[in-house]
Amino acid sequence: MIARTLIAFLLTELFLVLPGIVMSQNMGQSLTRTLIINGQSTQVPVTQVKGRSYVDLEALASALNGSLSLAGTQIALSLPLRSATAAPAATTAKPDSAPVQASNSGFSKGFLNAAIEQGATLREWHAALASAIQNGYSVTSAALAPYRAQATTNLRLASVAVSSDSDRGAYQLLSNLFQNMVKLTDKYVAARANMTYISPDALQNDRLNHSIVACGHSLGAMAASGQFVDDGSCD
């Protein structure tokens, strides 16, 4: 059984790099080793350079029956709670005690891909709004409408892909993030329409903007870990 604690160890202790990235020549000689997980040898090579370990993300995902998704600047490694050969967890109970529930199944692949796509669109929308404000451009609904329309479509696709408790929890936070982006956009569109002066650094002092950024970071971390954790950033 490949436990989540092992996955967390791998993600924190190893420097994970995408295949095709060549290490610079000035890093010195490298030594290739084989990664062993729970006593089982894998086909995942571990390259040690100057005391640090590097593994191929795609090879690691394949060895652990997981999947790798890329969207914009984010890379999401989704891993199952148990290995493919592990027996499903059963609900057991002890006398005079509450039953022990099976662990949550985590994010489904379909939802995770849809959520990552939505996250990328929301970042582009936010970047377009921030650029307009910082450079003194006209902030209009028409200019930002394509981002809003695409985010609306992506959110609908994410809703259709929901199939687990983790999916449902993350979808609600993703929906909150979308609604906050709508509020932030409408706020500055209205200000521009009313000829209200908008300082180039307005977003730096905007609490709603800070909330949006924090929520985006939180959802990105969830996508990377494959676990749903509501830390209150998206409320």
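Let's start with the rings: a search of the whole structure turns up two aromatic pairs. Rings of Phe, Tyr and Trp (its six-membered ring) pair if their centres lie within 6.5 Å; planes under 30 degrees apart are stacked, over 60 edge-to-face, and the rest tilted.

A word on the source. This is a predicted model: local features need pLDDT of at least 70, side-chain atom pairs count only at pLDDT 80 or more, and totals for chains, interfaces and linings use all residues. Residues are numbered from 1 along each chain as its sequence is written, and side-chain values use heavy atoms, leaving out hydrogens and water.

Next, helix α4, residues 141-161. Helices here are DSSP runs (H or I, at least four residues), numbered from the N terminus. α4 bends by about 25° at Y147. That is the angle between axes fitted to the seven residues ending there and the seven starting there. Which residues of α4 are buried? L144, A151, N154, L155 and A158. An α-helix has 3.6 residues a turn, so residues three or four places apart point the same way. The cover over the buried residues of α4 includes α3 (109-134) and α5 (165-193).

Last, the lining of the largest pocket. α3, α5 and α6 (207-225) each supply at least two residues. α3 gives the most, with nine residues.

Terms used. Buried means under 20% relative accessible area, exposed over 50%, partly exposed in between (1.4 Å probe, protein chains only). Contact means heavy atoms within 4.5 Å.
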